[in-house]
Each structure stands twice: as C-alpha cells, then as structure tokens.
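Reader: Can you walk me through this one? I'd like to go contact by contact.

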Amino acid sequence: MARRFALTFPGDTGGHAEQDVVVVEATGTRGPGGHPVYTDPSGIVQAEISDLGEVRMLASGGHQSPRNPVHAEPLD
C-alpha cells in the first residue's frame, strides 16, 4: 500500500474552476472500514483508502461535509 496519495477533487459546481489536488500521507491508523487512514499536513483532509483504491472521506471536525475526490493516485 502506498504511503502517500494525491487526491483530486472536482472544481466548483457549475463553473470551470480547476480541480484541487491534495497530497495525503498514511497516519498509521485504521478507519471505520478497517483500511489505512491518510491525512494532509494540516489534518483537515482525512481519507480512508482501501487496497482497491476506494476512498472514504472522514470528517476531521464538527459540521464538516467533506467532498469525495474524483481520483486517488498513489505516489509511492
């Protein structure tokens, strides 16, 4: 399993905004589905990524509704 992933998120709905790319790194913990949890340096973006590349975004704080990425690319 990769130690880092690049998560690509869609731009704003209804616009032609560029996609956002966030690099996340393994935390050494497991999420609710039993797969590794990855986070960005700020700790705000958290994702559980399966060995099949399936991504489940995890809320890192109250009142957060994380968007799902359109792509998860392993970096190493």
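Reader: Is R56 buried, partly exposed or exposed?

Author: R56 counts as partly exposed, at 43% relative accessibility. Buried means under 20% relative accessible area, exposed over 50%, and partly exposed in between, with a 1.4 Å probe and protein chains only. This is a predicted model, where local features need pLDDT of at least 70 and side-chain atom pairs count only at pLDDT 80 or more, while totals for chains, interfaces and linings use all residues. Residues are numbered from 1 along each chain as its sequence is written, and side-chain values use heavy atoms, with hydrogens and water left out.

Reader: Which side chain does R56 meet in a salt bridge?

Author: The side chain of E48, at 3.4 Å from N to O. A salt bridge here is a side-chain nitrogen of Lys or Arg within 4 Å of a carboxyl oxygen of Asp or Glu.

Reader: And E48, buried or exposed?

Author: E48 is buried, with a relative accessible area of 2%.

Reader: What does G33 touch, leaving out residues up to four places away in sequence?

Author: G33 touches E48 and R56, where contact means heavy atoms within 4.5 Å. G33 sits in the loop between β2 and β3 and is partly exposed, with a relative accessible area of 35%.

Reader: How many salt bridges does a search of the whole structure find?

Author: Three. One of them joins the side chains of E25 and R3, at 3.8 Å from N to O. E25 lies in strand β2 (residues 20–30) and R3 in the segment before β1, so this pair ties together parts that are 22 residues apart in sequence. Strands are DSSP runs (E, at least two residues), numbered from the N terminus.

Reader: What does the side chain of R4 meet in a salt bridge?

Author: R4 meets D76, at 3.3 Å from N to O. That pair links distant parts of the chain, with D76 in the segment after β6 (71–74) and R4 in strand β1, 72 residues apart. R4 counts as partly exposed, at 31% relative accessibility.

Reader: Changing topic. What is the strand order in the sheet?

Author: The order is β5-β4-β3-β2-β1-β6, an open sheet of six strands with antiparallel pairing. Two strands pair if DSSP finds at least two bridges between them. The edge strands are β5 (55–58) and β6, and each pairs on one side only. Neighbouring strands are turned by 35 degrees against each other on average, direction ignored; the axes are lines fitted to C-alpha atoms, and angles run from 0 to 180 degrees between N-to-C directions.

Reader: How many bridges join β4 to β5?

Author: Four bridges join strand β4 (residues 46–49) to β5, and the two run antiparallel. In β5, L58 is the bridge partner of Q46.

Reader: How many aromatic pairs does a search of the whole structure find?

Author: One. F5 and Y38 form it, edge-to-face, at 5.1 Å centre to centre and 85 degrees between the planes. Rings of Phe, Tyr and Trp (its six-membered ring) pair if their centres lie within 6.5 Å, and planes under 30 degrees apart count as stacked, over 60 as edge-to-face and the rest as tilted.

Reader: Which strands hold F5 and Y38?

Author: F5 lies in strand β1 (residues 4–9) and Y38 in strand β3 (residues 36–39), so the pair ties together parts that are 33 residues apart in sequence. F5 is buried at 5% relative accessible area, and Y38 is buried at 1%.

Reader: Which residues touch the most other members of the largest nonpolar core?

Author: F5, L7, V24 and V45, out of 13 residues in that core. Such a core is a set of buried Ala, Val, Leu, Ile, Met, Phe, Trp, Tyr and Cys residues joined through side-chain atoms within 4.5 Å. β1, β2 and β4 each supply at least two residues of this core.

Reader: What is V45 in contact with, beyond its neighbours within four places in sequence?

Author: Its contacts are L7, F9, V22, V24, Y38, T39, D40 and M57.
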